[in-house]
Amino acid sequence: MAKNKTTETSVDVFNFINSYVENEQKKSDSLELIKLMRKWSGFDPKMWGPTIIGFGSYHYKYASGHEGDAPLLGFSPRKTQFSLYIYSKTAKSDSLLLDLGKFKMGKSCIYFKKLADINISVVKQLCMETIAYLNEHHECACRN
């Protein structure tokens, strides 16, 4: 079975931001996301793989037998846009997206250019919905 590439690392989150993120607005938005996600999740930021900043963790196991760990909430300040890993496929999450603002949706990832483009109160609600969903369906650090 293939090993997951996206695992928690010991790389310092703030060193990553200072060395990887070149745009000052993106740095500022990254620091704000860290502050908010830390508050909403109750977990400190950790690096997952080379570019994802995650908060907390959960264990998943698919019917195929593939299993692993992933962050409860996360984001990546990619070169062209942010990737938010805060989406769970629920009716509530889908309805919240209607008021999120200017973004693009991947399979389970929300892409946006800057924090000013999206509604932070909706981001918070999406994060809370995702934590509740993961807590209900997976072994989750949010239960502690």
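Q: How many aromatic pairs does the structure hold?
A: This is a predicted model, in which local features need pLDDT of at least 70, side-chain atom pairs count only at pLDDT 80 or more, and totals for chains, interfaces and linings use all residues. Residues are numbered from 1 along each chain as its sequence is written, and side-chain values use heavy atoms, with hydrogens and water left out. Rings of Phe, Tyr and Trp (its six-membered ring) pair if their centres lie within 6.5 Å, and planes under 30 degrees apart count as stacked, over 60 as edge-to-face and the rest as tilted. The number of aromatic pairs in the structure is four.

Q: Is the pair of Phe 75 and Phe 82 stacked or tilted?
A: The ring centres of Phe 75 and Phe 82 are 6.2 Å apart. Their planes stand at 50°, so the pair is tilted.

Q: Is Phe 75 buried or exposed?
A: Buried means under 20% relative accessible area, exposed over 50%, and partly exposed in between (1.4 Å probe, protein chains only). Phe 75 has a relative accessible area of 0%, so Phe 75 is buried.

Q: Which angle lies between the planes of Phe 82 and Phe 112?
A: Both Phe 82 and Phe 112 are buried. They form a stacked aromatic pair with 4.9 Å from centre to centre and a plane angle of 5°.

Q: In which strand is Phe 112?
A: Helices (H or I, at least four residues) and strands (E, at least two) are DSSP runs, numbered from the N terminus. The pair links distant parts of the chain, 30 residues apart: Phe 82 is in strand β6, and Phe 112 (residues 110-112) is in strand β8.

Q: Which residue lies over the face of Phe 82?
A: A charge sits over a ring if NZ of Lys or CZ of Arg is within 6 Å of the ring centre and within 35 degrees of the ring normal. Ring pairs link Phe 82 with Phe 75 and Phe 112 into a cluster. Over the face of Phe 82, at 5.4 Å from the ring centre, lies Lys 26.

Q: How far from the ring centre of Tyr 20 is the charged end of Lys 79?
A: The charged end of Lys 79 sits over the ring of Tyr 20. The distance to the ring centre is 4.5 Å.

Q: Why does Ser 83 count as buried?
A: Ser 83 belongs to strand β6 (residues 82-85). Contact means heavy atoms within 4.5 Å, and leaving aside neighbours within four places in sequence, the contacts of Ser 83 include Phe 75, Cys 109 and Tyr 111. Ser 83 counts as buried because its relative accessibility is 2%.

Q: What volume has the largest pocket?
A: On a 1 Å grid over the protein atoms alone, a cavity is a set of points where a 1.4 Å probe fits but cannot get out, and a pocket is an open set with protein on both sides within 12 Å along at least five of seven lines; lining residues have an atom within 4 Å of a point. Grid points are joined across faces, edges and corners, and a volume is the space filled by probe spheres set on the points. The volume of the largest pocket is about 800 Å³.

Q: Which residues are the closest to the centre of the largest pocket?
A: The lining of the largest pocket numbers 23 residues. The closest to the centre are Tyr 58, Tyr 62, Ala 70, Tyr 87 and Ser 108.

Q: Which element gives the largest share of the lining of the largest pocket?
A: Ala, Val, Leu, Ile, Met, Phe, Trp, Tyr, Cys and Pro count as nonpolar, Asp, Glu, Lys and Arg as charged, and the others, Gly among them, as polar. The lining has 12 nonpolar, seven polar and four charged residues. The largest share, three residues, comes from α4.

Q: Which residues does Thr 9 touch, not counting residues up to four places away in sequence?
A: Thr 9 lies in the segment before α1 (13-20) and is partly exposed, with a relative accessible area of 27%. Beyond four places in sequence, Thr 9 touches Met 47 and Gly 49.
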